[in-house]
Amino acid sequence: MKKAGKLFGVGVGPGDPELITVKAVRVIKEADIIFTAASTKNNYSLAVEIASPYISPSARIEHLGFSMSKDTTEVEAAWIANARQIAAAMEQGMTAVFLTLGDPTTYSTFGYILKKMKLIMPEADIETIPGITSFHAASARLNRILVEGEESLLVTSGAYGGDRIRQVKQVENVAIVKAYKNITDINMALKDAGLHKNGVAVSKCGRKNEEIIANLDDLETRDPDYWTLILASK
């Protein structure tokens, strides 16, 4: 029997190919097959674009469609099907890499793949390689201290508004990813918590069309941009 291959979950960072770790670059170059999440409507992958300087011409690239349906049965079936596709490549002895934006363990599609792989291929050899998150890249880009001393940091999604901010007391710093919808509610929560005044937003951090928005209220008059995050502090 052919020895099963290995799966690497690789974080490619927020957008700048130079922010990919040395270890991740090596693994990407050695991969037989590259997997990445893509919309069911097209095969574009920002993660593949970022990693493209390091992908071997001989590597096969597979785009896995992830349903955005509200039907949990449909979504679950898609995750299982994608995990089975990865498992099939590993059963052929391939070295497989699943590319994901930012860090594989932080708001990442790889987290779902990892859970399903443990179910359908519990003996699989899987290694996760961390990546630079968007909020770490943004704080570096702004030369802004993210957290220091005995301060605390709340990392949360803003996709559904500011309720998470309201639920946490005595937090000195927040990093809000996916701050592209419900921005009015996010701003209200930040103001109530005393975090709004020292807030700043970054859109498309490290990419060609990067924008820094110094006034968070300006986000309310802009078209929503999925690649927007907020850093705020007291």
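Q: Which residue does V155 stand opposite in β7?
A: A175. Strands here are DSSP E runs of at least two residues, helices are H or I runs of at least four, and both are numbered from the N terminus.

Q: What kind of model is this?
A: This is a predicted model, where local features need pLDDT of at least 70 and side-chain atom pairs count only at pLDDT 80 or more, while totals for chains, interfaces and linings use all residues. Residues are numbered from 1 along each chain as its sequence is written, and side-chain values use heavy atoms, with hydrogens and water left out.

Q: Back to β7. How many bridges pair β6 and β7, and in what sense?
A: Five bridges, in the parallel sense. Two strands count as paired if DSSP finds at least two bridges between them.

Q: In what order do the strands of that open sheet come?
A: The order is β6-β7-β10-β8-β9, five strands with mixed pairing.

Q: Which strands stand at the edges?
A: β6 and β9 (211-213). Each has a single partner strand, so one side of each lacks a neighbour in the sheet. From one strand to the next, the twist averages 15°. Angles run from 0 to 180 degrees between N-to-C directions, and axes are lines fitted to C-alpha atoms, for helices over the stretch in contact.

Q: Which strands does α5 lie across?
A: β6, β7, β8, β9 and β10. The helix runs at about 65° to β10. Helix α7 (residues 183-192) also packs on this sheet, touching β7 and β10. The direction of α7 makes about 10° with that of β10.

Q: Which residues of α5 are buried?
A: F135, A137, A138 and S139, in a helix that covers residues 134-141. Buried means under 20% relative accessible area; exposed is over 50%, and partly exposed lies in between (1.4 Å probe, protein chains only). These buried residues pack against β6 (153-157), β7 (173-177), β8 (200-203) and β10 (228-233). Contact means heavy atoms within 4.5 Å.

Q: What happens just after α5?
A: N143 takes a positive phi there, about 50°.

Q: T156, then. Buried or exposed?
A: Buried, at 6% relative accessible area. T156 is in strand β6. Leaving out residues up to four places away in sequence, T156 touches Y107, R164, A175, I176 and V177.

Q: New topic, the other open sheet. What is its pairing?
A: Parallel, with five strands in the order β3-β2-β4-β1-β5. β3 (60-65) and β5 (125-129) are the edge strands, and each pairs on one side only. Neighbouring strands are turned by 25° against each other on average, direction ignored.

Q: Which helix packs on the sheet, touching β1 (6-11)?
A: Helix α3 (residues 72-91), which also touches β2, β3, β4 and β5. Its direction makes about 160° with that of β3. Helix α4 (residues 109-120) lies across β1, β2, β4 and β5, at about 140° to β4.

Q: At what angle do α3 and α4 pack?
A: About 70°, with the axes 9 Å apart. That makes α3 roughly perpendicular to α4. By the cut-offs, 65 to 115 degrees is roughly perpendicular, under 35 roughly parallel, over 145 roughly antiparallel, and the rest oblique.

Q: Which residues make the contact?
A: From α3, E76, W79, I80, N82, A83, R84, I86, A87 and M90. From α4, T109, Y112, I113, K116, M117 and I120. By class, the contact has ten nonpolar, two polar and three charged residues. Ala, Val, Leu, Ile, Met, Phe, Trp, Tyr, Cys and Pro count as nonpolar, Asp, Glu, Lys and Arg as charged, and the others, Gly among them, as polar.

Q: How many residues of β2 are buried?
A: Five of its six, so β2 is mostly covered.

Q: How many bridges join β2 to β3?
A: Six, and the two strands run parallel. F35 has E62 as its bridge partner in β3. Strand β2 (residues 33-38) is also joined to β4 (residues 95-100), by four bridges and again in parallel. In β4, I33 has A96 as its bridge partner, and T36 stands opposite L99.

Q: Last one. Where is P130 found?
A: In the loop between β5 and α5. The C-alpha atoms of P130 and I183 are separated by 29 Å, and the two residues are 53 apart along the chain.
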